[in-house]
Amino acid sequence: MTPLLQVEDLSKSFTDSVGLFGQRRFSAVNQISFSLERKKTLAIIGHNGSGKSTLAKMIVGITEPSAGKILFNGNELYFGDHEYRAKHIRMVFQDVNNAFNPRLNVGQILDAPLRLLTNLTVHERNEKIGLTLRMVGLYPDHANIKISTMSISQKQRVALARAVILEPEIIIADDALGSLDSSVKTQLINLMLELQNRLGVSYIYVGQHLGIIKHMADEVLVMDNGQMIEYGTTRELFSAPQTEITRRLVESHFGKELDNSAWESLMCK
């Protein structure tokens with residue numbers, strides 16, 4: 001069966017100025033390959049500057065790759081296909097306080113992708129907004145509330161609503177939950193898993209919080225200096241890391257590598 005998403009040797013290089021006249025080219029992402037199946041979650045982890053956010057931005061279409069291919073349902077995606085890609089691959093950004101125009105209300109925020117990317121009537125769009133708000137644990141009346149007056153938890157739910165309202169197959173979450181307090185974090189993880197089960201969506205979760213990743217992810221890709229250094233199931237990778245970098249990431253969060261008893265007993269801490 002064709003994977004939902006297939007990334008083949010994806011690379012991105014940038015050019016820096018050095019001194020007055022010199023330039024230096026460096027590789028932010030170097031020949032990354034992986035696949036994502038329907039209704040599955042892939043986590044991308046690594047230290048800051050490892051290239052994981054650049055990789056995510058190439059997949060969603062914000063950043064142009066220097067080389068490699070991205071295939072969706074077996075068809076190659078091309079940089080600049082924003083309208084097509086926006087219907088199928090959506091992104092939830094890390095900082096919800098800066099993710100929205102503070103002058104808009106929730107209904108205006110959710111109406112924008114429907115108005116720009118569908119042929120729905122005003123009535124149909126309003127119905128869709130109400131149904132989507134309910135799906136993420138809010139009320140249809142929240143459509144009339146200014147986004148700037150909402151709590152972080154509510155803003156995160158609106159961000160998820162904006163991501164799912166076009167019924168995409170893939171949602172990329174760029175460290176969207178790591179900074180939240182534990183009770184809100186647990187609620188939103190459960191909401192994301194519920195949406196995955198209900199809608200059949202696949203996730204790419206980019207972040208540092210290994211407790212969230214243990215709870216959500218089927219597979220993990222570890223990056224360092226633009227390279228993929230490990231790639232496997234979450235349980236295998238957290239229980240028996242094959243590189244020192246992965247081992248340090250696991251031990252810094254959980255205090256140890258996760259054997260079978262630890263795997264079963266540790267929840268999303």
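Guide: In what follows, strands are DSSP runs of E of at least two residues and helices are runs of H or I of at least four, numbered from the N terminus. The model under discussion is a predicted one.

Visitor: In which strand is R90 found?
Guide: By that definition, residues 89-92 form a strand, and R90 is found among them. The strand that holds R90 is β6.

Visitor: How far from R90 is the nearest side chain of opposite charge, and which residue does it belong to?
Guide: R90 is buried, yet it has no salt bridge. A salt bridge would need a side-chain nitrogen of Lys or Arg within 4 Å of a carboxyl oxygen of Asp or Glu.

Visitor: Which backbone oxygen does the side chain of R90 reach?
Guide: Not counting residues up to four places away in sequence, R90 touches V60, P113, L117, R162, A163, L166, P168, I170, I171 and I172. Its side chain also reaches a backbone oxygen at 3.2 Å, and that oxygen belongs to A86.

Visitor: Is T118 buried, partly exposed or exposed?
Guide: T118 has its place in the loop between α3 (106-117) and α4 (122-135). Buried means under 20% relative accessible area and exposed means over 50%. Because the relative accessible area of T118 is 23%, the residue counts as partly exposed.

Visitor: What distance separates the C-alpha atoms of T118 and L166?
Guide: Leaving aside neighbours within four places in sequence, T118 is in contact with P113 and L166. T118 and L166 are 48 residues apart along the chain, and their C-alpha atoms are separated by 8.4 Å.

Visitor: Which backbone nitrogen lies 3.3 Å from a polar atom of the T118 side chain?
Guide: The side chain of T118 reaches the backbone oxygen of L114 at 2.5 Å. A polar atom of that side chain also lies 3.3 Å from a backbone nitrogen, which is that of L120.

Visitor: What is the phi of E167?
Guide: Most residues other than glycine have a negative phi. E167, in the loop between α5 (152-164) and β7 (170-174), is exposed at 54% relative accessible area. Although E167 is not a glycine, its phi is positive, at about 55°.

Visitor: What is the phi of Q31, and where does that residue lie?
Guide: Q31 counts as exposed, because its relative accessibility is 52%. Its phi is a positive value in a residue other than glycine, near 50°, and Q31 lies in strand β2 (residues 22-36).

Visitor: How many residues of strand β8 are buried?
Guide: In a regular strand the side chains alternate between the two faces of the sheet. In β8, S202, I204 and V206 are buried on one side, and Y203 and Y205 are buried on the other. The strand, residues 202-206, is largely enclosed by the rest of the structure, because the number of its five residues that are buried is five.

Visitor: Which residue stands opposite V206 of β8?
Guide: Strand β3 (residues 41-45) pairs with β8 in the parallel sense over four bridges, and A43 has Y205 as its bridge partner. Five bridges join β7 to β8, which also run parallel. The residue opposite V206 is D174.

Visitor: How many residues are in the largest nonpolar core?
Guide: Nonpolar side chains tend to be buried together in soluble globular proteins. I213, in contact with A43, I45, Y205, G207, V220, T234 and F238 beyond its neighbours within four places in sequence, is one of the members of the largest core that touch the most others. A second, separate core of 26 residues includes V7, I44, L55 and I59, whereas the number of residues in the largest core is 54.

Note on methods: Residues are numbered from 1 along each chain as its sequence is written. This is a predicted model: local features need pLDDT of at least 70, side-chain atom pairs count only at pLDDT 80 or more; totals for chains, interfaces and linings use all residues. Side-chain values use heavy atoms; hydrogens and water are left out. A nonpolar core is a set of buried Ala, Val, Leu, Ile, Met, Phe, Trp, Tyr and Cys residues joined through side-chain atoms within 4.5 Å. Buried means under 20% relative accessible area, exposed over 50%, partly exposed in between (1.4 Å probe, protein chains only). Contact means heavy atoms within 4.5 Å. Lys and Arg count as positive and Asp and Glu as negative; His and the chain ends are not counted. A polar contact is a pair of N or O atoms within 3.5 Å; within protein, one must be able to donate a hydrogen and the other to accept it, and residues adjacent in sequence count only if both atoms are side-chain atoms. Two strands pair if DSSP finds at least two bridges between them.
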